[in-house]
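Please take a look at how they are arranged here.

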Amino acid sequence: MKRIYKRAEEPCYLKRYREKYPLETWDRFHRDDRRAYAQIKEALLEDQHYLCAYCEIDIKFADEDVDGPNVIDDFRVEHFFPKSLTEDGKHNYHLDWWNMLGVCHGGSQALVVNPQERYSRLKSDRSCDVPKSDKPIADKILNPLKLPKRKRIYRYRETSGFMLVDEETCPEDLLEKAKNTIHELNLNAPRLMRLRKAVIDKLDEWVMNEQANGRELDEIMREMAEMYLCPYENKSLPFFSVMRWYLGSYAESIIKNNNIL
């Protein structure tokens, strides 16, 4: 999970709809105003550099000509605070721009693009908003919009892709929430561990190949940090936090110098 800087101005179509129907539900909004939903989707993806707000897998879009007419995007809108907290005449969490995040389907959707990597029949392999569901746990887990600036929260086991709280770099007051986040969002689902391990293996392979060509490790790591962590055309590579951890101080230097987080 990486920090998200959400744009200050909410999408105008959402604002207009909420002003007209202040107590309306998300489901009704989604059905009623497809133009507004499309604008929300575009804004969320741009703000998140096209990564899932929770697991950091890249958001994949279905191409009907390539994938077939029944394949869907690996994307949906998640409400961080449960919509069920909405009460008549009070705050409407359904239509609150600051309560919306863009996430993947968490392994739950068989029709998603690249199902061989992104779908699992096993409920134990589901992640992100799937296990979170409508449970009232927002105060117990980390909110990607409120992570501390430039503080690394997590580390990973190189041999498995297993995710742990980095107690050396995570602020002490966030340790419990950071642990709860892994558990409640099932961020160590086997599917995610496998994908993270593939990223680590790719980084290892790059380092070994470059060293075999006679390059110094310091030069290699600096180059990798700039190449892998800086967004290209506003898109970040998947599993940003894994690469950040792997590249250590080189990553932190690039992040600071380029104002990435």
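How many aromatic pairs does the count come to? The count comes to 9 aromatic pairs. Keep in mind that this is a predicted model.

Start with Tyr17 and Tyr21. Their ring centres lie 5.0 Å apart. Their planes meet at 50 degrees, so the pair is tilted. This angle falls between the cut-offs, because planes under 30 degrees apart count as stacked and those over 60 as edge-to-face. Tyr17 is buried, at a relative accessible area of 6%. Tyr21 is partly exposed, at 34% relative accessibility.

Now move along to Tyr50 and Phe61. This aromatic pair is edge-to-face. The centres are 6.4 Å apart, and the planes stand at 80 degrees. Where do the two residues lie? Tyr50 and Phe61 both lie in the loop between helix H3 (34-47) and helix H4 (64-67). The pair therefore ties together parts that are 11 residues apart in sequence. Tyr50 counts as buried, with 17% relative accessibility, because buried means under 20%. Phe61 is partly exposed, with a relative accessible area of 37%.

Tyr17 and Tyr21 belong to a cluster linked by ring pairs. Trp26, Phe29 and Tyr37 are also in that cluster.

Charged side chains come next. Arg35 lies over the face of Tyr13, 4.0 Å from the ring centre. Lys235 lies over the face of Tyr50, 5.0 Å from the ring centre. Tyr50 thus has Phe61 as an aromatic partner and Lys235 over its ring face.

Terms used. Residues numbered from 1 in each chain as written. Predicted model: local features only at pLDDT ≥ 70, side-chain atom pairs only at ≥ 80, totals over all residues. Heavy atoms only, no water. Phe/Tyr/Trp six-rings, centres within 6.5 Å; stacked < 30°, edge-to-face > 60°. Buried < 20%, exposed > 50% of the residue type's maximum accessible area, 1.4 Å probe, protein only. Helix = DSSP H or I, 4+ residues; strand = E, 2+ residues; numbered from the N terminus. Lys NZ or Arg CZ within 6 Å of the ring centre and 35° of its normal.
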